[in-house]
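Please look over the structure shown here before reading the notes that accompany it. The report is written for someone who meets this structure for the first time.

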Amino acid sequence: MVIRIYNTLSQQKETFQPLESGKVRMYVCGMTVYDYCHLGHARVLVAFDVVTRYLRHRGYDVHYVRNITDIDDKILRRADENGEVYTDLTDRMIQAMHEDEARLGVLAPTEEPRATAHIDNIIAMIKVLISKDHAYAAENGDVYFAVNSFEGYGKLSKKKLEDLLAGARVDVEAAKRSPADFALWKSAKAGEVSWPSPWGDGRPGWHIECSAMSTCCLGNTFDIHGGGPDLMFPHHENEIAQSEAATGEEFARTWMHAGAIRVNKEKMSKSLGNFFTIREILESYPAEVVRYFLVSSHYRSQVDYSEDNLAEAGRTLTKLYHALRGLVPSKSVAETEHDRRFAEAMDDDFNTAGAIAVLHAVAAEINQHRRDGSEQVARDSAAVLVRLGRILGLLQQDPEAFFQADTGGDLSAEDIEALIQARADARKARDFAGADRIRDELAEKGIILDDSREGTTWRRG
């Protein structure tokens, strides 16, 4: 079986053939670290985490690079508003980002280069572009990429240069030769953070950072370039132009873009008041439920965030953990038809929705085996469920830990256990009305009791 990936560049699914057999080099545009990561960032982080996990599952040695933009107008503006050194802001936001990633089960990339550590590489690439007449130093101290010098401009976004020029304001920047040209190097204003360069003190433009970092870490040509849907134009388009103009080689062979996040069917926006950070969401929902919500849709599809959709994700994930509850999965189980169907879904452009359907089929099989009293067969199926769940970053918790995770309710685990013991004592004393009152009290606070011959277990509803 072969993996087929939708390539934004060609706008069709293509058989994936890495440049080097058995190895995958992948670059994904990371965060500009001036604020906490939001739900859209979570979408990209989780999507490419799943891609990485699956490629590794298929035996590929994946070199995954995800950059950090740690110098930018937004960063400097926010640091000034806060009255702090910009590096204090970026260090704090990077730490917060890593905390959010860890809670969502996102594995660390192989490399996480920062723009400020690659200033020399950036300057070197700009020098090459100037020497090849693809860039020019303007009178204002900035350096611009000459868009009309690159014949293939627009091939990713399918935008035509003449259309861009027709809609551009000529007076946007008088120093530019053309309104479509974009900054590679920005001259520093008085008192601004800057680095020395042949064109004067300044700092890099946003687009050139990724070209310099990706080629430095992965070479002039690599297998996969990914990012969010809003980056296709102009960021990724500009990356292609400046990278291929500098090296004379193809930049990235496959382009992947995650789908957009909408909130209650509207675009997520601070101005609309429907903007949520990852940590705000995790105050109300378990991290694995949020991950399940994101993984259950195909990475290219638009995802609609709502209270109802998160609640539904929690219910469906709970069904999978219910199947595992009270079972010790077998240690070693050969591949099954479920493994084959799972791979078939994931080989088709990482179709996680299809893969999730396979997980639920395995869970249904476990439940049937348990009803039939086939405990060993159920344990074998449980091993398959855990094995396949791992590839998606799911179902790795002990089921009891999942069910009893503290989500900020009124009752702690110790409180609940004490009430369950009080209920057991009431039943032993034949005070059934009192036992029912305790059960109802727990139910009102979202605690569901499950009685069996082995005793009483509980979960947060």
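What follows is a short report on charged pairs, backbone features and surface charge in this predicted model.

**Salt bridges**

Side chains of opposite charge can pair when their charged atoms come close. A search of the whole structure finds 22 salt bridges, and three of these pairs are set out in the table below.

| Pair | Closest N and O atoms | Relative accessibility |
|---|---|---|
| Arg58 and Asp347 | 2.5 Å | Arg58 30%, Asp347 4% |
| Arg92 and Glu84 | 2.9 Å | Arg92 38%, Glu84 22% |
| Glu312 and Arg315 | 2.8 Å | Glu312 36%, Arg315 47% |

Arg58 and Asp347 form a salt bridge that links distant parts of the chain, since Arg58 sits in the loop between H1 and strand S4 (61–69) while Asp347 belongs to helix H11, 289 residues apart. In this pair Arg58 is partly exposed, whereas Asp347 is buried, because its relative accessibility is 4% and buried means under 20%. Glu312 and Arg315, by contrast, both lie in helix H10 (residues 307–324), where they are three residues apart, or about one turn of the helix. Glu312 counts as partly exposed, and Arg315 likewise counts as partly exposed. Elsewhere, salt bridges that share partners join Asp35, Arg78 and Glu81 into one network.

**A buried arginine**

Arg53 is placed in helix H1 (residues 39–57) and is buried, with a relative accessible area of 17%. Leaving aside residues up to four places away in sequence, Arg53 touches Gly105, Leu107, Arg291, Arg390, Ile391, Leu392 and Gly393.

**Backbone features**

Lys158 is found in the loop between strand S6 (143–145) and helix H5 (161–166), and with 40% relative accessibility it counts as partly exposed. Asp349 lies in the loop between helix H11 (337–347) and helix H12 (352–371), and at 0% relative accessibility Asp349 counts as buried. A further backbone feature is the cis peptide bond that joins Phe233 and Pro234, with omega about 5 degrees; Pro234 is found in helix H7 (residues 232–247).

**Surface charge**

Which residues gather in a patch of negative charge on the surface? They are Asp436, Asp440, Glu441 and Glu444. Glu444 has its place in helix H16 (residues 432–444), and at 71% relative accessibility Glu444 counts as exposed.

Key: Residues are numbered from 1 along each chain as its sequence is written. This is a predicted model: local features need pLDDT of at least 70, side-chain atom pairs count only at pLDDT 80 or more; totals for chains, interfaces and linings use all residues. Side-chain values use heavy atoms; hydrogens and water are left out. Patches are made of residues with over 30% relative accessible area and no salt bridge: like charges are joined within 9 Å, nonpolar side chains (Val, Leu, Ile, Met, Phe, Trp, Tyr) within 5 Å. Accessible areas come from the Shrake-Rupley method with a 1.4 Å probe; for residues, only the protein chains shown count as cover. A salt bridge is a side-chain nitrogen of Lys or Arg within 4 Å of a carboxyl oxygen of Asp or Glu. Lys and Arg count as positive and Asp and Glu as negative; His and the chain ends are not counted. The place of a charge is taken as NZ of Lys, CZ of Arg, CG of Asp or CD of Glu. Helices (H or I, at least four residues) and strands (E, at least two) are DSSP runs, numbered from the N terminus. Buried means under 20% relative accessible area, exposed over 50%, partly exposed in between (1.4 Å probe, protein chains only). Contact means heavy atoms within 4.5 Å.
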